[in-house]
Amino acid sequence: MRILVLAAAALGASLLITPAAAQTAPRPGTAAFDRWAASELTRLSDLDAVRALTYHYGRGNDELSLRYADLETARARAQAEYAQAFAPDVRITVYPLRSATPLRQVTGIDAWTDFASGFFQNANYSSTLHLMSNFNLTLTGADTAIGSAYAGVPHFIRSASARSEATQATTLEYMLCRYAFTARRQADGTWRITEFTIYLDEIWRAEGFYPGGQANGQ
């Protein structure tokens, strides 16, 4: 088992650390290498845990939009995801369309759930899909990290009118977003986001329809 762990750390290091850092690795088979490999495995595990926080955030938003027909279930499932992403006292700031003035700043998971749920309902979204990419993560200490990511997010908007009994009119609203955040290891050892900033850079819209009709959230 020890050999497998060290091999995994060495493989991860060779794939994810910079060439300069790889050159500083001790010679395999030495006690110094064992210590370095264990440290590197911890570093990679922490970075992966920090990256996963953004996935929980995205899934929380998607639960809110997809389950619009059952708001109680939507909130419960969304908050379960948000609790895996955010510290209880997280501060979230939203900037619309490259504006220097925030659209909203909220503190706490309940406040964010209220804002996001209201925003999605007012926009009449039937579903969203938060696709995270382009991560840039840095461990700034043993228990702190900063990061950024991009997202391409399709938002489907229900229309009140149907083209026919078989097709439901809809609008696709596609957003390009950037996220910047800080994260901290909690007392139980898990990572959580403490500051989260959302920058909305672009919005693109197109009309369409649901082939065969659709009943998202039912």
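Reader: Is Arg-51 buried, partly exposed or exposed?
Author: Start with the cut-offs: buried means under 20% relative accessible area, exposed means over 50%, and partly exposed lies in between (1.4 Å probe, protein chains only). Arg-51 has 26% relative accessibility, so Arg-51 counts as partly exposed. This is a predicted model, in which local features need pLDDT of at least 70 and side-chain atom pairs count only at pLDDT 80 or more, while totals for chains, interfaces and linings use all residues. Residues are numbered from 1 along each chain as its sequence is written, and side-chain values use heavy atoms, with hydrogens and water left out.

Reader: With which residue does Arg-51 form a salt bridge?
Author: The general idea comes first. Side chains of opposite charge can pair when their charged atoms come close. The rule here asks for a side-chain nitrogen of Lys or Arg within 4 Å of a carboxyl oxygen of Asp or Glu. Arg-51 pairs with Asp-48, and their closest N and O atoms are 3.5 Å apart. Both residues belong to helix H3, 3 residues apart, about one turn of the helix. Helices (H or I, at least four residues) and strands (E, at least two) are DSSP runs, numbered from the N terminus. Asp-48 is partly exposed, because its relative accessibility is 46%.

Reader: How many salt bridges does this rule count?
Author: The count comes to 11 salt bridges. One of them joins the side chains of Asp-114 and Arg-75, at 2.9 Å from N to O. Asp-114 lies in helix H5 (residues 109-123) and Arg-75 in helix H4 (residues 71-85), so this pair ties together parts that are 39 residues apart in sequence. Asp-114 is partly exposed at 46% relative accessibility, and Arg-75 is partly exposed with a relative accessible area of 28%.

Reader: Where do Arg-185 and Asp-143 lie?
Author: Take the pair first: their side chains meet in a salt bridge, 2.6 Å from N to O. Arg-185 sits in strand S6 (residues 168-185), and Asp-143 in the loop between strand S4 (131-139) and strand S5 (144-162), so the pair links parts that are 42 residues apart in sequence. Asp-46 joins Asp-143 and Arg-185 in one network of salt bridges that share partners.

Reader: Now the core. Which residues have the most contacts inside the largest nonpolar core?
Author: In soluble globular proteins, nonpolar side chains tend to be buried together. A nonpolar core is a set of buried Ala, Val, Leu, Ile, Met, Phe, Trp, Tyr and Cys residues joined through side-chain atoms within 4.5 Å. The largest has 36 residues, and those with the most contacts inside it are Tyr-57, Tyr-82, Phe-86, Trp-112, Tyr-179 and Phe-196. H3, H4, S1, H5, S4, S5, S6 and strand S7 (191-210) each supply at least two residues of this core.

Reader: What does Phe-86 touch?
Author: Contact means heavy atoms within 4.5 Å. Leaving out residues up to four places away in sequence, Phe-86 touches Tyr-57, Ile-92, Ile-109, Trp-112, Arg-192, Ile-193 and Phe-196.

Reader: Which residues in H5 are buried?
Author: They are Ile-109, Trp-112, Thr-113, Phe-115, Ala-116, Ser-117 and Phe-120. Check the length of H5 too. The expected span of a helix is 1.5 Å times one less than its number of residues. With 15 residues, H5 should span 21 Å, and its end C-alpha atoms are 21 Å apart, which agrees.

Reader: Where is Ser-65 found?
Author: Ser-65 is in helix H3 (residues 31-66). Its relative accessibility is 1%, so Ser-65 counts as buried. A polar atom of its side chain lies 3.1 Å from the backbone oxygen of Asp-62. Beyond residues up to four places away in sequence, Ser-65 touches Phe-120, Tyr-125, Ser-126, Ser-127 and Thr-128.

Reader: What polar contact joins the side chains of Gln-105 and Thr-93?
Author: A polar contact is a pair of N or O atoms within 3.5 Å; within protein, one must be able to donate a hydrogen and the other to accept it, and residues adjacent in sequence count only if both atoms are side-chain atoms. For Gln-105 and Thr-93 the distance is 2.8 Å. Gln-105 is in strand S2. Gln-105 also touches Arg-91 and Ile-92.
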